[in-house]
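Please open the structure in your viewer and keep the sequence panel beside it.

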Amino acid sequence: MSFGQLGYDVAHLLGGGVLLLSFVLLYQRRIGAVINAFAMQGALLALAAAWAAHAQGAPALYVTAVLAMAAKGVLIPLALHGIVRRLDLHRTVETALGIGPSLVAGVALVALSILVVLPATEGVRALARENLALALSVVLLGMLMMISRRNAISQVIGLLSLENGLILAAIGVAGMPLVVELSTAALVLMIAVVAGVFAFQIRERFDTLDTGSLEEHRGERR
Amino acid sequence: MPAVLTALALLVGALVVLGVAAWPLSRSVLGARVVHGGVALAGLLLAAGGLAGLLGGVSSLTLPFGPPWGLARLALDPLSAWFLLPVGLSAACASLFAFGGVHGPVAPRLLVPWPLFLAGMALTILAADGFTLLLGFEAMSLASWALVAHDDAQAANRRAARIYLGFAGFGGLSLILALGVLAGGAGDVAFAVLRDAPPEGWRAAAVLALVIAGAGSKAGIAPLHVWLPLAHPAAPSHVSAVMSGAMTKVALYVLARFVFDLMGPAQPFWLGAPLIALGAASAVIGALRANLEDDTKTLLACSTIENVGLIAIGLGLAMAFRGADLPALAALASGASLLHALNHAVFKTLLFLAAGEVLHGAATRAIDRLGGLIHRMPVTAWAALVGVGAAAALPPLSGFASEWLLLQALLAAWRVGDLPFQIGVAAATALTALAAALAAAAMVRFWGLVFLGRPRTPRAAGAQEAGGAARWALLVPAGLTVAFGLLPGVLLDLAEPALRLMAGAGAPRAGVLSVGAAEGGARYWPVLVALLLAAAVGAALWFVRRRAPGGVARFGAPGHVMRGPAWDCGFIAAPAHLPFGDPASQPSAAGFGQPLRRMLGTSLLAAREAVTMPPPGATGAARLDAGFHDPALVALEGPLPRAREALATQAERLRDLSIRQCLGLTFGAVVLMLALLAVLGGR
């Protein structure tokens, strides 16, 4: 597949959409909007997986799509919204890096991943190459989000969006066994559950979701 | 001849088995004797295998087992065969000595590492791939460390063992890096593969620097020599003998293997310069320290540093000559090195064993508590005199032949390179001559203070000499020292294939009875020199006896020899309560070394002297404090630990990072790696 073919263009468009939503995640100032953007990213990922299933003729990928849509598009965002409502969080996102600098850093990370992936994968199908570059960018942006936010919910969303990048990489490669994706999905659900419990515990003990408040309670402080 | 190599490989295996079996065997006297006798036999077989390898050809062997990524390979070529000689002879003599010293059950910690030590050395020499080489090298290091650390009751020994282990780790790490740089991205460390891709430019320089750091720290090349004077006194005597005689040679073998074989012949001449410079520095520092130490084994360890420095100079010269396409001179320099490696192994083993015999007989290593031992321990004294003469490079003993060849090579080195190199070689020549003279002074001091004069303590006056195996362990290397000194031409002929491997040419042929610097050049006839010396000494003896007043002694009439009192150097007779004379009326170890300490020690070894006078009117004695520090050891124990401490304090701060900062570190590392990949992948 190459430029001008429908399969390529749609896959490219969906992958690019996932990446775009990673940027959207980075510049949201309200936590509800962050969760909504994450839900959209999950939905787009599900679409991308479904399209890959159609284009590659791999019905197993439909399962991935359904799972992604159910877990990331619906269930996890709903649960997060529930947490925010129940804990009555300040609805603003507390950033550590600032919106502008994190966007600049995000652009630099995308450039870096393109510089790394494109020369390293010469001779591979064009779709896989660009998909890999997009996926690596999403992964790096998820990590960036984890370190540039103070709020535990935002950090969890950073981790989940990082995982979206991994799924995006997996569906771009033809022949990835289904069990890998299933186990990844199970892992993500576990992470979400643990993170939710953890957030409740933090809130209960310290009356805040700022993970910085944990610092005062570490042992072995010199 | 694969049969020889197979036999040698089986011998290494047998030594390992003997090391394991030494644990139960150590309970009984007989068991300890079995272990030491077995190691002595193995040493002899190793030397025999080396001889067979020199006379035969190159053979290689792939073992049926090895590391997970391949099979271990062994090979026996002339270079490794030559280095089996010093290792085998030294280990055989030392083990014979230890055999004679077994009078009760020996502690397992002293017995178990001993066969493993020899097995490690043999495996290093026989290895034909990098992994096996490192395996042997590390086994050798660890086994000898266990032997150095055997007496951990004393703080000085614990310190010595700690420093020794640090150097062993540093050396092994450097060799691993050297192999890595040499192998490049290919990853195969078989010697045959490495030979096909010799390094060039900065890679060759990096390999050389790493090998000098790795093998040099084991051999004792300055400034990595500081462990020798600490570790040798801590180890038992037979172990110090093998550490000095054989282990440093194994390290030099590794150096020669890398430099002359694996790095290929097409290297520039200036790669030899660092070896020449470091060798000259080691020779001078070692010989100077040997003049200042007051512990017999420390003194001998410093002399080892000097001799290793001389061998390193020879190797560096051979590199320079080979790079300048002068194969005959390269053969001369490498011949001097190989010959000196063998000679030094034999005479230093002899000297350490003699020091061990003195330690056993007089219960001390301090020179200031010895003296006059020639009367109580004549065999040890005369055997040590042979070794001392060789270490002082006196003709016709073995040390002279090889040092003469080395000086001939140094004097011929003006043919190489440009002016700076020539000036440097001229300076190295002067330093080598200085080191030889200093070594002679150190040996006079050692032998004179220990064996001549009067006993300085009652314990020295009552010293007892052991007989049996220990005596033979002294007589055999003494005989070999004389034989090697008289027949260096035979040894050079034997080393011919090794020289062809290293230098691409044989040594200048000068017949069996002489060695020569070049065809038609200067020659040294050891047998002739020996005859001349014997004639001169005999004539002098005859003349003195003939001139002696009648009735005292007549030449040819030994029955009439009359002993007079020893000359007391003009001092008044000692009081009656000092039956061995006044100790203060003999030169002490520090006093003997004082002129050299004042002349050279102040600048090179930070020697100091301070006189504390009693206050005016007081009747107390004035006090003289004198001492010196090796600057390398001061640097090792001062700034280095401080830097490590500061680094550790900085690293401790990482523990206080918040979760986000920890994640940020990971993220930064990932981004850095990706950036590196992007930059390097773009090339």
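Helices, as the word is used on this tour, are DSSP runs of H or I that hold at least four residues, and they are numbered from the N terminus. What you have open is a predicted model, and the predictor gives the complex an ipTM of 0.81 and a pTM of 0.80.

Start with B:Gly314, whose place is in helix H13 of chain B, a helix that covers residues 296-323. Is B:Gly314 buried or exposed? A residue counts as buried if 20 or more other C-beta atoms lie within 10 Å of its own, and because B:Gly314 has 31 other C-beta atoms within 10 Å, B:Gly314 is buried. Next, select its contacts, leaving aside the neighbours within four places in sequence: these are B:Ala333, B:Ser334, B:Ala336, B:Ser337, B:His340, B:Leu406 and B:Ala409. If you then pick B:Phe451, which is 137 residues from B:Gly314 along the chain, you will find the two C-alpha atoms separated by 33 Å.

By class, the contact of H1(B) with H2(B) has 15 nonpolar, four polar and no charged residues; among them, B:Leu8, B:Leu11 and B:Leu15 belong to H1(B), while B:Gly38, B:Ala42 and B:Leu45 belong to H2(B).

Now move to helix H14 (residues 327-362) and helix H16 (residues 378-391) of chain B, which pack at an angle of about 145° with their axes 9 Å apart. The crossing of H14(B) and H16(B) is also left-handed. To display the contact, select B:Asn343, B:Phe347, B:Leu350, B:Leu351, B:Ala354, B:Glu357 and B:Val358 on the H14(B) side, and B:Thr380, B:Ala383, B:Ala384, B:Gly387, B:Val388, B:Ala390 and B:Ala391 on the H16(B) side. The residues of this contact divide into 10 nonpolar, three polar and one charged.

Finally, select chain A, which has seven helices and zero strands. Of the 222 residues of chain A, 40% count as buried. Among the contacts in chain A between residues at least 6 apart in sequence, 73% join residues at least 24 apart.

Note on methods. Residues are numbered from 1 along each chain as its sequence is written. Chains are lettered from A and ligands numbered from 1 in the order in which they are written. This is a predicted model: local features need pLDDT of at least 70, side-chain atom pairs count only at pLDDT 80 or more; totals for chains, interfaces and linings use all residues. Axes are lines fitted to C-alpha atoms, for helices over the stretch in contact, and angles run from 0 to 180 degrees between N-to-C directions. Helices (H or I, at least four residues) and strands (E, at least two) are DSSP runs, numbered from the N terminus. A crossing is left-handed if the near helix is turned anticlockwise from the far one by less than a right angle, and right-handed if clockwise. Two residues are in contact if their C-beta atoms, placed from the backbone, lie within 7 Å. Ala, Val, Leu, Ile, Met, Phe, Trp, Tyr, Cys and Pro count as nonpolar, Asp, Glu, Lys and Arg as charged, and the others, Gly among them, as polar. A residue is buried if 20 or more other C-beta atoms lie within 10 Å of its own, exposed if 12 or fewer, and partly exposed in between; C-beta atoms are placed from the backbone.
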